[in-house]
Amino acid sequence: QVQLVESGGGLVQPGGSLRLSCAASGITFSRYVMGWYRQAPGKQRELVATITRDGNTNYADSVKGRFTISRDNAKNTVYLQMNSLKPEDTAVYYCNAVWLSLNYWGQGTQVTVSS
């Protein structure tokens with residue numbers, strides 16, 4: 001059974017930081033491209049960042065320079081370090097794992113940026 005379990009969300013003030021984690025089980029983690037997506041109320045789900053099994057990264061323009069995605073293949077975990085958070089970063093953040101035709105999603109974790 002495949003599970004992607006996100007953690008680390010919460011309420012933070014503008015300018016603050018959060019670190020999201022996604023622990024994977026039931027997959028050969030090192031094969032997968034891992035990603036973070038987010039969905040704000042009334043909006044479509046959008047890409048935040050991805051990281052390949054070789055560590056190559058890709059970011060949405062809106063988070064470049066503020067967010068960092070990383071992975072620890074020994075721990076089957078992908079991280080998203082979020083700095084300089086803005087109110088527009090408020091959303092449910094989802095972990096994603098893709099390999100060939102296989103595509104899995106976590107249940108999401110809420111991030112709220114507000115004073």
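Student: Where is the place of leucine 100?
Tutor: This is a predicted model, where local features need pLDDT of at least 70 and side-chain atom pairs pLDDT 80 or more, while totals for chains, interfaces and linings use all residues. Residues are numbered from 1 along each chain as its sequence is written, and side-chain values use heavy atoms, leaving out hydrogens and water. Strands are DSSP runs of E, at least two residues, and helices are runs of H or I, at least four, both numbered from the N terminus. Leucine 100 sits in the loop between strand S9 (91-99) and strand S10 (102-105).

Student: What is the phi of leucine 100?
Tutor: Most residues other than glycine have a negative phi. Leucine 100 is not a glycine, yet its phi is positive, at about 50 degrees.

Student: Is leucine 100 buried or exposed?
Tutor: Buried means under 20% relative accessible area, exposed over 50%, partly exposed in between (1.4 Å probe, protein chains only). Leucine 100 has 70%, so it counts as exposed.

Student: What is the relative accessible area of asparagine 76?
Tutor: Asparagine 76 is in the loop between strand S7 (67-72) and S8. Its phi is also positive, near 55 degrees. Asparagine 76 is partly exposed, with a relative accessible area of 25%.

Student: How many bridges join S3 to S8?
Tutor: S1 (residues 3-7) and S3 (residues 18-25) run antiparallel, joined by 5 bridges. S3 and S8 (residues 77-82) also run antiparallel, and their bridges number 6.

Student: Which residue is the bridge partner of serine 21 in S8?
Tutor: Serine 21 lies in S3, opposite serine 7. Alanine 23 stands opposite threonine 77 in S8. For serine 21, the partner in S8 is tyrosine 79.

Student: How far apart in space are valine 12 and valine 113?
Tutor: Valine 12 is in strand S2 (residues 10-12) and is buried, with a relative accessible area of 12%. Contact means heavy atoms within 4.5 Å. Beyond its neighbours within four places in sequence, valine 12 contacts several residues, including Leu85 and Val113. Valine 12 and valine 113 are 101 residues apart in sequence, but C-alpha to C-alpha the spacing is 5.0 Å.

Definitions and conventions:
Pairing = 2+ DSSP bridges.
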